[in-house]
Amino acid sequence: MIKPLALVASERTIPGSQLLGKLNDLGYRTEHLTDLGRMVQVAEYMKPLVIFIDLKWRTRDPFLTINSLISNQETEHTPIVAYAPMDEEAALERALNMGASIVSGDNHVLAQLSQLLDQAMEQRRGDRRIGTT
């Protein structure tokens, strides 16, 4: 049986590497992207079950990437979980407005990963919300 794939896009080692490890522990295959410019192409080709995008980047704009994924016919239905430090409420809200399925603080994305995955799988396009876990 093939394990489901989760794409994780992050520049920061923490929580990025921790997220990759927890996803592996939950039975996911993972692909780590450090170049958001490749995200749409990789997502079209690999067809992940879920995409995680860190909102803290120095080199790229994660909001444009979220918008590109949502606007692409091949990737528009893939749930996107965006995360950032909790003190960056404006970034979390912007990600939700750009089309992320769920947004969460760094600590919550790690501590409540299985619940966030369940929420992401239940999301329908257009039913976006802030993770409450």
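This is a predicted model: local features need pLDDT of at least 70, side-chain atom pairs count only at pLDDT 80 or more; totals for chains, interfaces and linings use all residues.
Residues are numbered from 1 along each chain as its sequence is written, and side-chain values use heavy atoms, with hydrogens and water left out.

**Aromatic pairs**

I searched for aromatic pairs and found 0. The criterion was ring centres of Phe, Tyr and Trp (its six-membered ring) within 6.5 Å, with planes under 30 degrees apart counted as stacked, over 60 as edge-to-face and the rest as tilted.

**Helix α2**

I took helices (H or I, at least four residues) and strands (E, at least two) as DSSP runs, numbered from the N terminus. Which residues of α2 are buried? In this helix, residues 39–46, I list M39, V40, V42 and A43 as buried. They lie on the same side of α2 because they cover an arc of only 165 degrees around the axis; the arc is that of the directions from the helix axis to the C-beta atoms. For accessibility I used a 1.4 Å probe on protein chains only: buried is under 20% relative accessible area, exposed over 50%, and partly exposed in between.

On the other side of α2, I found Q41 and Y45 exposed. The buried residues of the helix pack against β1 (5–9), β2 (29–33), β3 (50–54) and α3 (62–71). I also checked what follows α2: it is K47, with a positive phi near 50 degrees.

**Salt bridges**

I counted 5 salt bridges in the structure, each a side-chain nitrogen of Lys or Arg within 4 Å of a carboxyl oxygen of Asp or Glu.

D54 and R12 form one of them, with the closest N and O atoms 2.8 Å apart. This pair links distant parts of the chain, 42 residues apart: D54 is in strand β3 and R12 in the loop between β1 and α1 (13–25). D54 counts as buried at 0% relative accessibility, whereas R12 is partly exposed at 22%.

R60 bridges to D35, the closest N and O atoms being 3.2 Å apart. Here R60 sits in the loop between β3 and α3 and D35 in the loop between β2 and α2, 25 residues apart. I read both as partly exposed, R60 at 42% and D35 at 27%.

K56 bridges to E88, with a closest N and O distance of 3.0 Å. K56 is in the loop between β3 and α3, and E88 is in the loop between β4 (80–84) and α4 (89–98), 32 residues apart. K56 is partly exposed at 32%, and E88 is partly exposed at 25%. Salt bridges that share partners join R12, D54 and D106 into one network.

**Nonpolar cores**

I defined a core as buried Ala, Val, Leu, Ile, Met, Phe, Trp, Tyr and Cys residues joined through side-chain atoms within 4.5 Å. The largest has 26 residues, and I53, L55 and I66 have the most contacts inside it. I noted that β1, α2, β3, α3, β4 and α4 each supply at least two of its residues.

I then listed the contacts of I53 (heavy atoms within 4.5 Å), not counting residues up to four places away in sequence; they include A9, L36, M39, I66, L69 and Y83. A second, separate core of 17 residues includes A6, V8, Y83 and A120.
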